Amino acid sequence: MEQKIYVAIKTSNSKKTACPNQSEEYIREGIHEDCLSCGKNIEHPLCPDCIAEGFKQWIQQFPQDEAKLRTRLDKFLKAHRYLDGKSKRCIACEKNNTYICPYCFTEYLHKIIKEADLGVRAMSEFLFIFNFDFDHDGYSRELEVYGGY
Ligand SMILES: [Zn+2]
Ligand SMILES: [Zn+2]
């Protein structure tokens, strides 16, 4: 995931040099409509901060892992602060902070809780609450494995 984002940033930078006219327009508009990670138009703009709020509440039930999870989450949010105010407007908080689509962001959260090894119960609960895999062709397939559907 982190690598994927890095690649996305690199691609958009090289695009700027290749096409200066487009880049000028980009700067003038100042708003990125697409997801930083998958590059698609964000159809359900819910910003990472709003999703992170719910996630932070949810991880409180895992006191042993909470600090570690929170650190990784904050690191991600901090690394992308420069995009705040330059992205798609969030339907919940109405800030222009939706630089990553809910699917890609929750995919990242999914990855960090998987690495924290919280157990099958926690994983299926996470997938139930934070399921932004609208097409059900990504991580939500795991729900079927856990018998959550
Ligand atoms: Zn995305
Ligand atoms: Zn928001």
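Biologist: How do you know how the axes of helix H4 (residues 66-79) and H5 are placed relative to each other?

Modeller: They come within 10 Å and cross at roughly 150°, with axes fitted to C-alpha atoms over the stretch in contact and angles running from 0 to 180 degrees between N-to-C directions. Helices are DSSP runs (H or I, at least four residues) numbered from the N terminus. The model is predicted: local features need pLDDT of at least 70, side-chain atom pairs count only at pLDDT 80 or more, and totals for chains, interfaces and linings use all residues. Residues are numbered from 1 along each chain as its sequence is written, and chains are lettered from A and ligands numbered from 1 in the order in which they are written.

Biologist: Why are H4 and H5 called roughly antiparallel?

Modeller: Their crossing angle is roughly 150°, and angles over 145 degrees count as roughly antiparallel; H4 and H5 therefore receive that description.

Biologist: What makes the contact between H4 and H5?

Modeller: Lys 68, Leu 69, Arg 72 and Phe 76 of H4 and Tyr 108, Ile 112, Ile 113 and Ala 116 of H5 make it, contact requiring C-beta atoms, placed from the backbone, within 7 Å. Six of these residues are nonpolar, none polar and two charged.

Biologist: What makes up the largest nonpolar core?

Modeller: It has 23 residues, a core being a set of buried Ala, Val, Leu, Ile, Met, Phe, Trp, Tyr and Cys residues joined through C-beta atoms within 7 Å; buried requires 20 or more other C-beta atoms within 10 Å of a residue's own. H5 gives the most to this core, with six residues.

Terms used
A residue is buried if 20 or more other C-beta atoms lie within 10 Å of its own, exposed if 12 or fewer, and partly exposed in between; C-beta atoms are placed from the backbone. Helices (H or I, at least four residues) and strands (E, at least two) are DSSP runs, numbered from the N terminus. Angles under 35 degrees count as roughly parallel, over 145 as roughly antiparallel, 65 to 115 as roughly perpendicular and the rest as oblique. Two residues are in contact if their C-beta atoms, placed from the backbone, lie within 7 Å. Ala, Val, Leu, Ile, Met, Phe, Trp, Tyr, Cys and Pro count as nonpolar, Asp, Glu, Lys and Arg as charged, and the others, Gly among them, as polar.
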